[in-house]
Amino acid sequence: MGSQSHLERALAPARAGRIEDSITALEPLARRGASGEAEALGHRAWLLRAAGRFDEARAAYRRLMELRPGNAEVEALLIDLDRFEGRGADAVARLARLYAEHPTNGAVFSILRSAAASLGLEERRPAYSELPPPPQPVRAFNSALETLESWPGMYPYSSFPEVGRFVYSVVRSIRPHVLVETGTYRAYSTITMAQALEDNGMGHLHTFDIFMDRPGEKSPVIGECADSYRVASAHIGAAGLAHRITMHKGDSAAHIAAFFAETKLTIDLAYVDGDHTEKGAIRDINAILPHLRPGGFIMLHDTMPEACGWLGPRRVVEAVLDSHKVDITVVNLPTPEGFGVALLQLHTGQVDGFREPTLLRSWTESLFLRRHQR
């Protein structure tokens, strides 16, 4: 039986409310040299903290820091233990300094935010309705894009115009023959990328989405319509770019794997903006990687969970950075609205993929913000 199965069995009592039983079951898995020691240590430290056994939790986190030197998230969790022992103000100050050193680390931000809130120090963040209106289109290089960008109902669930311009520029620069997108939604990014292909005079976009029914959904092109496939199709048709786009309905990871295995096509560029959960984002990446050409690119939207509230895309970035098996360069960029875009380039074409999370929740997942649902 694999180490992951042992870990799942050890965590089962905690899911049923028997935290102490899981702490005991995790102890042999968290010993030095055990397979999966770091993951078991993380779970055990979290449960020890929940049980109020702070000295033991501190020892577990210190051991985890030895296994993962320089991991700011583990350091933040260790600092945060002081809050539970009556040293909250000092913990918040130290967490703030740590966050200043790692300003794009969503886990550190979330731990700091929780600690500050517990002391009544949390600064209220503006709701989306309070944010300034998005800027008007920079240039109407497609009338359908101008229509979508000028419609207030687009935001924040579709990309902001500045992000659209960035995505357009990337496609224009890379000049892909085969372009993949996960997460069509209203087809704003789809049209933006297809327009870049049209301006390049080459390339085809395959966009994948489950196209769920959305009661009450409205479109500036066809009005109220719950059929999201019809909405996206109408927007693509209005843009005059249907010849550059193939829409695939269904689970993105499964359909990407099946389509590219059958067609033997090679992906030059993929834009991952679909399922934003940890498991969903990694499934999409693992479906794309075997078909991505050496030198090919992947873009990820919503990579800064402290602003966008989603965990999955950042987890992909962290999985790439933590992996010593995959030769991929990663650049995580801020965007004006704060949600972030990451650009990944595969160098060798030799990839093993990344392990999907199989537990009900990872030991840090609950720390990340989830301020809106799509």
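**Close-up views of a predicted model**

**View 1. Glutamate 217 lies in the loop between strand S2 (204-209) and strand S3 (218-219).** The model is predicted, with local features requiring pLDDT of at least 70, side-chain atom pairs counted only at pLDDT 80 or more, and totals for chains, interfaces and linings using all residues. Residues are numbered from 1 along each chain as its sequence is written, and side-chain values use heavy atoms, with hydrogens and water left out. Strands (E, at least two residues) and helices (H or I, at least four) are DSSP runs numbered from the N terminus. Glutamate 217 counts as buried because its relative accessibility is 9% (buried: under 20% relative accessible area; exposed: over 50%; partly exposed: in between; 1.4 Å probe, protein chains only). Beyond its neighbours within four places in sequence, glutamate 217 is in contact (heavy atoms within 4.5 Å) with Tyr185, Arg186, Gly223, Glu224, Cys225 and Val231.

**View 2. Helix H6 (residues 88-101) has buried and exposed residues.** The buried residues are Gly88, Ala91, Val92, Leu95, Leu98 and Tyr99. Seen down the axis of H6, these buried residues fall within an arc of 125°, so they line one face of the helix (the arc is that of the directions from the helix axis to the C-beta atoms). Ala89, Arg97, Ala100 and Glu101 are exposed on the other side of H6.

**View 3. Helix H4 (residues 54-67) and helix H5 (residues 72-84) cross at roughly 165°.** Their axes, lines fitted to C-alpha atoms over the stretch in contact, come within 9 Å. H4 is therefore roughly antiparallel to H5 (angles over 145 degrees, on a scale from 0 to 180 between N-to-C directions). Residues that meet across the pair include Phe54, Tyr61 and Met65 in H4, and Val74, Leu78 and Phe84 in H5.

Key
The expected span of a helix is 1.5 Å times one less than its number of residues. Angles under 35 degrees count as roughly parallel, over 145 as roughly antiparallel, 65 to 115 as roughly perpendicular and the rest as oblique.
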